[in-house]
Amino acid sequence: MKHLILTSAILAALTAPIGAETLTIGTATAQTGGLAYADVPTMQGMKLAVEEINAAGGIDGATKIVLLEKDVRSDPAQTSIAAQELADAGVSVIVLPGDSDPALAAIGVVSSAEIPAISTVASSPTLPEIGGDYMFSNFPGDNVQAAVSAKWAWDEGYKTAWIVYSPDTQYTTMPLYFRDVFEKLGGEMLGVSTNTIGQQDFSAIATTIAAQDPQPDLVMTSAYEPDFPSMLIALRAAGVTSQVIGSDGIDSPTTFSLGDVGENVVFTTAGFATKGSPLEAFDKAFEQKYGTAPESIYSAVGYDLIKVIEAAVIVAGSTEPKKIRDAMADLENVQGATGLITYKGTNGMPVRQVSLIRVKDGGRELVGQPSPDANLIPAPRMQ
Amino acid sequence: MDLFVQQTVNALALGGTYALLALGLAVVFSIMGLINFAHGELMTISGYTLMYCGILGVPFAVSVPLAILAAVLAAVAMERIAFRPVRGGSGATMLITSFAVAMILQVLFQNLISARSQAVALPQILSQSVHLGNVIIGVNKIAAIAATVLMLIFLDRFMNRQKTGIAMRAAAEDFAVARLMGIRANTVIAGAFAISGLLAGVAAVLWVSQRASVDPLMGFTPVLKAFIAAILGGLGSLRGAVAGGFMLGFIEVYLAAFLPQEFQEFREPIGLGLVVLILLFRPNGMIPSRFLGLIKV
């Protein structure tokens, strides 16, 4: 009972400041577990943005932002519980984990509470589609990323491909989009392999690909840590010399520390710090606050997430969840750290820049930041 | 044919790693009747040792023995701190204790090191391969097979020739009688944990050199595989653990290699289905222990 009283007292203290001059953003993100690789750096970026905005007097110089944080341990059930708790606490916006599956677990809560929700970095285009009016995404869609990398591969003269995908999550099915685009462009698929998330051993798949005569020009996957390094090491050890193409999930320090094995891997991600770009400025500010450079693009994407909410609150002129949702759905060209972000005309999957990065000498090299041809982008696929 | 030979090498390498893991569980189980689910965390400790050695610039040849040593010390400490007080308890008590140890360690790793996966610097040679005729074999596969063979020979010698090893076998057979013969329970049990730590350490080096990263939860999958392998082989039997490990490795690799693509999605259920099928015919495992009647000390 004592605990109950104490908890309610804390809750009351937390909910009390919600008023005209504060915007409470509830975060139900994965600070631990399998998705921490994405949500931990995202949260750092979000906090940086909140700090900057509050230091300048708040949104529009009036509304301070308060973050109400909950760790969902990468667990869908916990995400749904945390989202409910945040809704009960009266937050204006809910931030959900960086993968569609746990984010989807909160659909019921956010739709019935009519609170807009944004996933940190989930990139499956099906998320806002299934999620309805109140679900937003904050990352270039899987289908857009696949269209960009397939077009690049085709233009580079790669004619044959092999994909490795996992049916375990929406995200890891990105290679299926790649296949659609690559075949549409005239490329030929030599084969498909399936893995499970957390699979330790990729030698069987690697040996199968190595045994192709000739080997495919490229191998595309959207596996991420720890699967991706395992797969890459297995591929190279089995003698596969094909170009390897990955996606934003491998935009992490491990990829750049693999030495020769990692060299020349090309992947799509949400941004690249060119000279004088907002991202370069963000990286500097980040280093000032945390003492180290951001370890992946996710921090900048987290910063963008808060900027999007800020822009929506300014347009809505209110912290009322419904008004923020309507304003957010209509946002155009919001300046984030990674570039311009537009929600207008989409179902909640933002239009934002995609960067192609090549691993070179253990660092990143910009291959290009192409805008994909709208005709090439495949329709969202239900898995 | 070449493809088949190559996939068999893959299966041997994976099966060998599973065998080491299952042996680590079996050594402790045969003596204490404890399935130590914190075995995976011993691997994580080894992994983090490798990571820190890499950051400090310690050569790989030195960091590998250090990583193995870390697992041995951690295993002995684990026994002394967590398992000795509940040694007389029921199997369930010890099982729950091992889950608790695993979770406490995971949370400590998350809070004290990082919730994120950390990169481990590996020598380039591990991702290279050698050509034997038409067959290409990865250096890491050869290393895994060699390490497994060495460990199995060492364990065989230890269990059959060394006094502590013989005492451990005696204790596994009948702990009460063994104690009457003057064998000290503490020595035998601490010895069993040290051996399991050694096996976990070697397996961890092989495991981490495949994935090049460590994270706080990385111990879960290997301990689960080890558990399946130990059950498949026959719980409490060391030979069974080795057989079970190799069998599981062969099932996984051959299914991944030769199952038609339409069925690949169901690879894991099919693999576990095969395990159940073997258990249907041999309910106590492939090579069951002769002395499963356990006596508590």
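How many residues of chain B are in contact with chain A, and how many of chain A with chain B? Colour by chain and select the contacts: 37 residues of chain B meet 40 residues of chain A. Keep in mind throughout that this is a predicted model.

**Stop 1: the face of chain B**

Stay on the boundary between the chains. The size of an interface is often given as the accessible area lost when the parts come together. Here chain B and chain A bury about 2,900 Å² between them, with carbon and sulfur atoms giving 51% of that.

Now for the polar side of things. Between chain B and chain A there are 13 residue pairs in polar contact, both partners at pLDDT 80 or more. The salt bridge count between these chains is one. To find a salt bridge here, select B:Lys141 and A:Asp201, whose closest N and O atoms are 3.5 Å apart.

Switch to cartoon and pick out the elements that give two or more residues to this side of chain B, among them helix H5 (139-161), helix H8 (185-211) and helix H10 (238-258) of chain B. H1(B) gives the most, with five residues. Coloured by class, the side of chain B that touches chain A shows 13 nonpolar, 18 polar and six charged residues.

**Stop 2: confidence in chain B**

The mean is 91, and 98% of the residues of chain B reach 70 or more. Then zoom in on residues 293-297 of chain B, where the pLDDT is below 50; this stretch has 14 contacts in the model beyond near neighbours in sequence.

**Stop 3: two domains in chain A**

Where they meet, 15 residues of domain 1 contact 15 residues of domain 2. The area buried between the two domains of chain A is about 1,300 Å², of which carbon and sulfur atoms give 51%. Select A:Tyr37, A:Pro125 and A:Pro140, which supply 31% of the area that domain 1 buries against domain 2, more than any other three residues.

What about salt bridges across the interface of these domains of chain A? The rule finds zero. Polar contacts are there, though: five residue pairs between domain 1 and domain 2 of chain A, both partners at pLDDT 80 or more. The side of domain 1 that touches domain 2 divides into seven nonpolar, five polar and three charged residues.

**Stop 4**

Over all chains, the salt bridge count comes to 19. For one of chain A's, select A:Arg381 and A:Asp180, with closest N and O atoms 2.6 Å apart. This pair links distant parts of the chain, 201 residues apart: A:Arg381 is in the segment after strand E14 (363-368) and A:Asp180 is in helix H8 (residues 174-184) of chain A.

**Stop 5**

Most residues other than glycine have a negative phi, and most peptide bonds are trans. Go to A:Pro214, in the loop between helix H9 (203-210) and strand E8 (218-221) of chain A: the bond from A:Asp213 to A:Pro214 is cis, with omega near 0°. Then move to A:Pro226, in the loop between E8 and helix H10 (227-237) of chain A, where the bond from A:Glu225 is cis, with omega near -5°. Finish at A:Asp60, which has a positive phi of about 60° although it is not a glycine.

Notes: Residues numbered from 1 in each chain as written. Chains lettered and ligands numbered in written order. Predicted model: local features only at pLDDT ≥ 70, side-chain atom pairs only at ≥ 80, totals over all residues. Heavy atoms only, no water. Contact = heavy atoms within 4.5 Å. Buried area = accessible area lost by both parts, 1.4 Å probe. Salt bridge = Lys/Arg side-chain N within 4 Å of Asp/Glu carboxyl O. Polar contact = N/O pair within 3.5 Å; in protein donor to acceptor, adjacent residues only side chain to side chain. Nonpolar A, V, L, I, M, F, W, Y, C, P; charged D, E, K, R; others polar. pLDDT = per-residue confidence, 0-100. Helix = DSSP H or I, 4+ residues; strand = E, 2+ residues; numbered from the N terminus.
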